[in-house]
Amino acid sequence: MRAVARVNVAAIERNVARLREPLAPGTALCAVVKADGYGHGAVQAARAALAGGARWLAVVTAGEATALRRAGIDARLLVMGPLTDPELDEALDAGAEVVAWEPAGIERLLARGRPAAVHLKLDSGMGRLGQRDPDLARQLADRIAGAAHLRLSGLMTHFATADDRDDDFFDRQLERFATWVERVRADHPDVVVHAANSAAILRDPASHFDLVRPGVAIYGMDPFGVDPDDQRLEPALEWRSRLVSIKPCDPGDSVGYGRRFVADRATRIGNVPVGYADGVRRGLTGRGAEVLVRGRRVPFAGTVSMDSIGIDLGPLADGRSVEEIDDAVTVLGRDGEQRITAEELARLLDTINYEITCGIGPRVPRRYHRDGVPLGGVEDDPGL
Ligand SMILES: *Cc1c(COP(=O)(O)O)cnc(C)c1O
């Protein structure tokens with residue numbers, strides 16, 4: 001294999017259990033497995049999250065809901081995204097609950113003429129989906145609850161700044177939502193109220209309500225973008241490739257498109273068959289990105305290509321093991337004492353950890369294990 005992304009389902013289970021620690025006994029957890037489980041694989045992530053104590057799952061598209069059902073997953077399922085009429089039918093066929101926020105959406109649901117459990121979304125400040133006007137939102141709750149086929153299942157909102165601990169907009173959103181919920185719940189006592197993403201769960205128990213909706217943290221990434229260790233979260237995914245070429249390089253020799261690496265000393269250049277088509281972003285070129293080889297940090301050399309990267313293995317040094325063809329190269333994960341986190345790559349790219357794992361392409365096969373024991377039998381490339 002050129003490269004593989006190995007996902008430890010036990011890490012996802014433990015992360016979910018960790019996120020449940022601050023929850024009150026009556027508060028349930030809904031694992032967000034949209035975007036193929038943030039690149040980890042939605043079905044395996046969903047199973048692991050349920051094993052770790054999640055009661056609900058959430059996705060964005062109807063197709064994502066169908067895929068979970070086809071895999072035999074029967075947990076309560078929420079489709080959070082906007083849906084066309086055919087997608088609405090697909091989501092309902094999958095037995096998923098759906099979200100509404102405006103009169104037209106509710107009329108469209110009514111026009112389907114079939115039973116649907118509906119979560120009403122208030123836009124408390126995110127400015128994305130959701131009803132801005134709390135009075136209208138309250139009328140919409142009554143309209144859903146009063147409709148023959150519809151059931152008002154939930155009340156929800158989403159935070160814009162939960163990951164920024166210094167920001168007080170979070171508190172304003174929370175207060176807006178809580179005030180609205182109190183009024184609506186007086187008439188509809190059985191609704192499930194939910195708002196908290198990963199950052200909110202860890203930041204403020206007042207945001208937990210009846211159900212929390214973590215995504216990024218269940219995969220062991222830090223919602224605050226610093227270090228998952230700080231929150232006792234465990235990165236579930238390791239991404240490895242291998243050395244396929246090692247060549248001596250003289251001073252003045254260059255590596256890669258545009259000759260952006262020119263050796264200033266005699267060194268050895270390795271080639272690793274994973275590139276921007278696999279999700280090693282080309283923007284990492286010249287930013288000081290590193291991989292791990294034999295437990296040692298090794299810098300990228302030259303422009304990230306579509307199918308490979310160059311790395312500067314350095315001159316042969318006394319007392320260090322000599323790299324060989326087929327040595328494992330860690331793009332994300334641990335090797336000995338060293339580790340490369342999604343947070344580290346995100347920082348180099350001025351982005352967030354979410355984008356790193358979501359960006360791992362379909363050309364990188366996913367393999368699953370439980371603390372090192374392969375799921376479903378044999379390890380097909382144990383060398384990586
Ligand atoms: C993606 C998403 C979440 C999960 O957010 P994280 O920051 O990954 O925990 C929760 N709610 C909604 C509406 C989302 O779109």
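Which residues does Ser-254 touch, not counting residues up to four places away in sequence? The answer is in point 3, after a look at the whole chain.

1. **Overall picture.** This is a predicted model. The chain has 384 residues, and 53% of them are buried. It contains 11 helices and 21 strands. Taken along the principal axes, the C-alpha atoms fill a box of roughly 75 × 45 × 40 Å. Consider the contacts between residues at least 6 apart in sequence: 67% of them join residues at least 24 apart.

2. **Two domains.** Domain 1 covers 9–222 and domain 2 covers 237–374. Their centres, taken over C-alpha atoms, are 37 Å apart. At the boundary, 13 residues of domain 1 are in contact with 12 residues of domain 2. The size of an interface is often given as the accessible area lost when the parts come together. Here the buried area is about 1,200 Å², and carbon and sulfur atoms give 54% of that area. On the domain 1 side, Val-9, His-40 and Met-221 lose the most area to domain 2. Together these three account for 35% of what that side buries.

3. **Ser-254.** Back to the opening question. Ser-254 touches Arg-259, Phe-261 and Val-262, with residues up to four places away in sequence left out. With Arg-259 there is also a polar contact: the two side chains meet at 2.8 Å. Ser-254 belongs to strand β12, residues 254–255. Its relative accessibility is 30%, so Ser-254 counts as partly exposed, between the 20% and 50% cut-offs. Asp-264 is 10 residues from Ser-254 along the chain, and their C-alpha atoms are separated by 9.6 Å.

4. **Thr-303.** Is this residue, at 3% relative accessibility, buried or exposed? Thr-303 counts as buried, because 3% is under the 20% cut-off. Thr-303 is placed in a loop, between β16 (296–299) and β17 (309–312). Its side chain reaches the backbone oxygen of Tyr-257 at 2.7 Å. Tyr-257 is also one of the residues that Thr-303 touches, along with Arg-260, Arg-282 and Thr-285; residues up to four places away in sequence are not counted.

5. **The Phe-177 and Phe-209 pair.** The structure holds five aromatic pairs. One of them joins Phe-177 and Phe-209. Phe-177 is buried, at a relative accessible area of 0%.

6. **Other ring contacts.** Tyr-38, Tyr-219 and Tyr-354 form one aromatic cluster. Elsewhere, a charge meets a ring. The charged end of Arg-165 sits over the ring of Phe-224, at 3.8 Å from its centre.

7. **Backbone points to check by eye.** Phe-209 comes up again here. Its phi is positive, at about 50°, although Phe-209 is not a glycine. Arg-232 is also not a glycine, and its phi is positive, at about 55°. Phe-209 sits in the loop between α9 and β9. Arg-232 sits in the loop between β9 and β10 (237–242). At 53% relative accessibility, Arg-232 counts as exposed, because the cut-off is over 50%.

8. **Pro-228.** Pro-228 has its place in the loop between β9 and β10. Its relative accessibility is 0%, so Pro-228 counts as buried. What does Pro-228 touch, not counting residues up to four places away in sequence? The residues are Gly-220, Asp-222, Leu-233, Pro-235 and Glu-343. Ala-206 is 22 residues from Pro-228 along the chain, and 23 Å separate their C-alpha atoms.

Definitions and conventions
Residues numbered from 1 in each chain as written. Predicted model: local features only at pLDDT ≥ 70, side-chain atom pairs only at ≥ 80, totals over all residues. Heavy atoms only, no water. Phe/Tyr/Trp six-rings, centres within 6.5 Å; stacked < 30°, edge-to-face > 60°. Buried < 20%, exposed > 50% of the residue type's maximum accessible area, 1.4 Å probe, protein only. Lys NZ or Arg CZ within 6 Å of the ring centre and 35° of its normal. Helix = DSSP H or I, 4+ residues; strand = E, 2+ residues; numbered from the N terminus. Contact = heavy atoms within 4.5 Å. Polar contact = N/O pair within 3.5 Å; in protein donor to acceptor, adjacent residues only side chain to side chain. Domains from an automatic or database assignment. Buried area = accessible area lost by both parts, 1.4 Å probe.
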